[in-house]
Amino acid sequence: MYKVKDIYGILDAKIISGEKNFEKEINDFEYQAKYIRNDSTAFVSISKSTWSKWLGKEAKILDGRLQILNSDKKPALVITDQVILGLDSQIPQLLVEDSIEAMRILGDYFRSEFKNPVIAITGSMGKSSTRMMIVKALKGYKVVENRGNANTRVPVLLNLCKLVKKPDYAVYEMSINSLNNRGNLSLIVKPDITVVTGIGEAHLSTIKSTEEIALFKSRIFEGQSKDGIAVINEETKHSDILQLKAKENLNKVIKYGQSSDENVNISEQKGYLKVEIQVDGENHVIPINIISEGMMLNIYATINVLKHLKVDLIESINHLTDFKPFKKVLEIKEINTSNLQATIIDDTHNASLPAMINAIKTFNKQSEFYTGNKVLVLGKISDLGESSERQHSKLVSQIEESKANYILCIDNEMRKVVNKVKKKNITWYNNPEQLLIDLKYLVDEDSLILFKSSVTGTMLPQIATRAFHDLYYMNGVKEIDYYKQFPVLKGNVYLDKNNKIISMKQQQSAVSMEGLTPLIYYIYCKSEGVVNKKVKLRKWPTNNAIYFEGRELELNQLIDAMINKPHPSLIYQLAYEVFENENKRRLLIDNFINDHNLSLSSSVNVTGRYRSKERQSFNLNDLEILYMQYKDILFANQHYVILGDRFYHGMIKDEKEGVLIFIMYDSLESLISSILNNIR
């Protein structure tokens with residue numbers, strides 16, 4: 001048992017207050033006041049300047065002095081690098097030069113006194129799940145572990161201070177941040193057993209290669225004694241480097257993987273993993289309610305760690321039956337209502353390239369158990385730096401080989417991936433709302449849907465959460481037509497000369513699968529007064545016998561064509577003539593959409609035409625907005641505005657000065673019939 005006076009004796013500190021309470025017991029440490037759970041906790045107050053010194057940037061965490069002064073918790077001790085005025089004088093306050101350095105000194109001391117096993121885990125993927133599995137398997141023992149996935153330098157030092165609790169085991173995950181050139185904290189942690197779960201492409205924004213990542217991760221072995229044990233995934237990239245580095249420091253290096261232990265076999269079933277293990281000649285079968293090859297490997301790692309601890313192996317593995325990783329880590333969400341039976345796998349906690357591939361493989365395996373549509377919903381992998389495009393391109397073959405009937409993608413990093421994928425119903429979205437709408441119509445009875453992305457820089461985690469809610473409460477009625485994989489619905493609204501709605505059909509639900517791009521070009525050119533000139537049609541992918549390379553036209557002809565159901569080659573040519581480059585064209589479109597509060601997907605490609613790999617959509621409200629603001633321009637020389645490549649969208653004025661606004665009619669006949677019905 002440690003007391004305040006013992007902590008004072010370990011540190012080179014100055015007593016500010018509370019010397020009468022130096023006999024108080026200390027059984028925990030925290031540097032965030034919100035986590036103080038009892039009056040035996042020592043609070044480490046870290047100033048902003050100290051955070052900046054250690055992090056190299058300003059910390060998001062609040063200055064420790066403000067935390068403790070605004071807290072209703074009463075710690076047994078405050079260790080601070082700036083005197084805290086106004087603190088209860090009964091609370092011992094020790095002044096140190098650097099609070100984080102004080103944690104290092106204390107952590108080093110407590111580790112030297114700690115004689116029970118310390119297990120440290122690192123890797124580009126799977127380290128949190130493996131750590132949580134080991135802790136879960138050690139149910140019934142007193143274990144100190146990371147809070148959440150806090151695994152960088154300062155949390156590691158805090159975890160060492162928590163050895164003051166004198167647990168049976170300490171299980172720590174360590175990020176590359178705690179092993180890098182700023183100081184290898186494994187030298188302080190001194191783990192008895194280390195686990196390296198895998199090497200992947202995370203951190204390539206700051207580290208040159210996966211080989212260099214492997215070398216950094218291998219520094220975890222440097223804190224071990226020769227008698228320590230290293231447990232290394234033999235199936236990961238650069239496993240040879242890891243094993244070589246481990247053998248330089250240790251006498252015992254254990255490889256794990258699906259073929260490493262003949263006494264253990266793990267197979268994937270519908271919604272769970274089946275562990276078959278033989279111990280002392282007796283066979284045991286244990287179901288664990290998780291899925292994926294990655295989770296299989298984490299179980300293999302856990303079993304290899306447990307074998308070297310003084311625990312009952314089968315009893316410990318049985319504790320994993322109801323194991324749950326972090327939320328949104330291959331989290332299975334069942335939709336079981338009177339309207340729909342479907343399964344969502346939400347894996348948007350985080351992503352590396354190996355984790356993305358693992359998720360797709362898991363989806364493929366689970367697809368065997370479902371009869372409905374199989375839908376992949378993918379977002380980007382963050383933190384890839386300059387290698388982002390190259391790393392994302394490695395997903396192409398995985399997507400092409402997937403069992404998905406439909407693939408929906410979001411984020412700019414995925415757009416090039418989508419364009420490279422062949423022979424799949426795959427679509428890129430710039431509008432998360434439209435993706436969610438389409439997804440709800442693609443999901444059918446006994447569907448399987450996987451969401452996979454990083455957690456930062458993308459909207460996919462939020463979309464996954466909303467999708468479950470929306471599908472769960474969906475009424476089951478889908479009055480909708482499909483154009484390939486897109487749900488579409490034609491509709492119209494008739495406004496009289498006072499802009500009053502006289503009649504409408506599907507105004508709220510009607511949605512297109514083409515864009516407003518030609519109409520935006522027309523409004524821009526007319527508003528800016530673009531000067532007429534002779535132009536020659538260039539070679540475009542949509543050229544034909546009528547619109548061929550070299551045909552002479554006037555710029556005004558191109559502009560006027562934009563509201564006369566323009567041919568795509570004319571739209572390409574107008575964009576080429578009017579905009580200096582693609583960036584300036586895109587900027588104009590984006591600004592126009594934002595300024596007029598139009599649907600985000602109302603203009604995605606240069607021509608606005610239907611492309612199965614680029615989701616475009618606008619609705620009647622978008623056309624109403626443009627009509628209200630630009631009707632004088634739009635109807636200056638004619639009584640109609642028609643756009644669209646495969647369908648008819650637009651607006652037509654009648655002799656009563658009313659206007660019919662319409663979208664998604666597939667023929668002139670059906671459009672004329674609708675006009676007559678509205679006018680009557």
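Modeller: UniProt, in an unreviewed entry, lists residues 341-454 as "domain: Mur ligase C-terminal"; its positions are given in the numbering used here, feature names are shortened, and annotations may be inferred rather than shown by experiment. This is a predicted model, where local features need pLDDT of at least 70 and side-chain atom pairs count only at pLDDT 80 or more, while totals for chains, interfaces and linings use all residues. Residues are numbered from 1 along each chain as its sequence is written, and side-chain values use heavy atoms, with hydrogens and water left out.

Biologist: What makes up residues 341-454, in helix and strand?

Modeller: That stretch is 41% helix and 24% strand, with its end C-alpha atoms 27 Å apart. Helices (H or I, at least four residues) and strands (E, at least two) are DSSP runs, numbered from the N terminus.

Biologist: Why do β14 and β16 count as edges?

Modeller: Two strands pair if DSSP finds at least two bridges between them. The open sheet runs β14-β15-β16 with antiparallel pairing. β14 (264-269) and β16 (282-288) each have a single partner strand, so one side of each is left without a neighbour in the sheet. From one strand to the next, the twist averages 20°.

Biologist: How do you know that β15 pairs with β16?

Modeller: Seven bridges join β15 (residues 272-279) to β16, against the at least two that pairing asks for. Ile277, for instance, has His284 in β16 as its bridge partner. Helix α10 (residues 293-306) packs on this sheet, touching β14, β15 and β16; contact means heavy atoms within 4.5 Å.

Biologist: What makes β5 largely enclosed?

Modeller: Buried means under 20% relative accessible area, exposed over 50%, and partly exposed in between (1.4 Å probe, protein chains only). Five of the five residues of β5 (residues 41-45) are buried, so the strand is largely enclosed by the rest of the structure. Thr41, Phe43 and Ser45 point one way, Ala42 and Val44 the other. β5 pairs in the parallel sense with β4 (residues 28-30) over three bridges, and with β6 (residues 77-80) over four.

Biologist: Why is the pair of Trp540 and Tyr576 called edge-to-face?

Modeller: Rings of Phe, Tyr and Trp (its six-membered ring) pair if their centres lie within 6.5 Å; planes under 30 degrees apart count as stacked, over 60 as edge-to-face and the rest as tilted. Trp540 and Tyr576 come in at 6.3 Å centre to centre with 65° between the planes, hence edge-to-face. Trp540 lies in the loop between β27 and β28 and Tyr576 in helix α20, so the pair ties together parts that are 36 residues apart in sequence.

Biologist: Are those two residues buried, exposed or partly exposed?

Modeller: Trp540 is buried, at 18% relative accessible area, whereas Tyr576 counts as partly exposed at 42%.

Biologist: What makes Tyr627 and Phe635 an edge-to-face pair?

Modeller: Their centres are 6.1 Å apart and their planes at 75°, so they qualify. Tyr627 is buried at 2%, and Phe635 is buried at 12%.

Biologist: How do you know that the charged end of Lys653 sits over the ring of Phe635?

Modeller: The rule wants NZ of Lys or CZ of Arg within 6 Å of the ring centre and within 35 degrees of the ring normal. Lys653 sits over that ring, 5.3 Å from its centre. Arg147 likewise lies over the face of Tyr35, at 3.6 Å from the ring centre.

Notes: Axes are lines fitted to C-alpha atoms, for helices over the stretch in contact, and angles run from 0 to 180 degrees between N-to-C directions.
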